[in-house]
Amino acid sequence: MKPLKLLPNRFKLIGLLICILIIPSIFLLEYIFRDLKYNPELLKLISSISIIAGFALIIFSKEKNEDEFIEHCRLRAFARAFIVGIVSYIINEIFHIIDTDTNKTIFQFLFNQCLFYFAVFYLLKNNLVSKNEK
Amino acid sequence: MKNKVKEIREFNSLTQEQLAQKVNVSRQSIISIEKGHYIPTTLLTLKIANVLNVTAEELFKLDNTDWQ
């Protein structure tokens, strides 16, 4: 089987840096520097794109020791995150019919999917999931 | 699937790290294989068998549940 074409490992650090820098800056702008004049929609757009881009860099870059086991964990985590994305979309749509205020944005779906991917990938990679669950 | 990777590795006086280096994978992979969490590809199975001087069938054995 041909290995997946992924970014070099250093992109993981870049992605991590983007996320580390963006998340506190949103918090600072939202709660501490509230009085400053800035466009909240533009800030929201920039921060959401940056976070998703940061997550994507972490997800699509190689581990230090990229081998077939890591690839196996990666593909399983992708599959599970994909299923979670579909299920959460269906649930959201059903709840949206009942209560129109509960509609999620695409960013929230992607954010949740990425977090779920990280959780599954690191659990599988570090052998924290029992044999039966796999 | 039952596997005897751990027993045969210990018989050959190899650590998980040494075996991992010889077959060019991470130690995590060897741990997962030994625990039975991960079934390696044919290529990696043959590499491990080659390093441990056994056949692939000696390393892995089909279980009754594998036929279900």
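A helix crossing is called left-handed if the near helix is turned anticlockwise from the far one by less than a right angle, and right-handed if clockwise. By that rule, α3(A) and α4(A) cross in the right-handed sense. This is a predicted model, in which local features need pLDDT of at least 70 and side-chain atom pairs count only at pLDDT 80 or more, while totals for chains, interfaces and linings use all residues. Residues are numbered from 1 along each chain as its sequence is written, and chains are lettered from A and ligands numbered from 1 in the order in which they are written.

**Helix pair in chain A**

- Helices (H or I, at least four residues) and strands (E, at least two) are DSSP runs, numbered from the N terminus.
- α3(A) and helix α4 (residues 106-125) of chain A pack with their axes 8 Å apart, at an angle of about 145°.
- Axes here are lines fitted to C-alpha atoms, for helices over the stretch in contact, and angles run from 0 to 180 degrees between N-to-C directions.
- The contact includes Ile70(A), Cys73(A) and Phe78(A) of α3(A), and Phe109(A), Phe116(A) and Leu124(A) of α4(A); two residues are in contact if their C-beta atoms, placed from the backbone, lie within 7 Å.
- The residues of this contact are 13 nonpolar, four polar and four charged.
- Ala, Val, Leu, Ile, Met, Phe, Trp, Tyr, Cys and Pro count as nonpolar, Asp, Glu, Lys and Arg as charged, and the others, Gly among them, as polar.

**Interface between chains A and B**

- Ten residues of chain A touch 13 residues of chain B.
- On the chain A side, helix α3 (residues 68-98) gives the most, with three residues.
- That side has five charged, three polar and two nonpolar residues.

**Chain B**

- Chain B has five helices and two strands, in the order β-α-α-α-α-α-β along the sequence.
- The radius of gyration of chain B (over C-alpha atoms) is 11 Å, which agrees with the value near 11 Å for a compact globule of 68 residues; the globule rule is 2.2 Å times the number of residues to the power 0.38.
- Buried residues (20 or more other C-beta atoms within 10 Å of their own, C-beta atoms being placed from the backbone) make up 29% of the 68 residues in chain B.
- The axes of helix α2 (residues 16-23) and helix α3 (residues 27-35) of chain B come within 8 Å and cross at roughly 110°.
- α2(B) is therefore roughly perpendicular to α3(B), a term for angles of 65 to 115 degrees.
- Among the residues making this contact are Leu19(B) of α2(B) and Ile30(B) of α3(B).

Definitions and conventions
Parallel < 35°, antiparallel > 145°, perpendicular 65-115°, else oblique. Buried ≥ 20, exposed ≤ 12 C-beta atoms within 10 Å, placed from the backbone.
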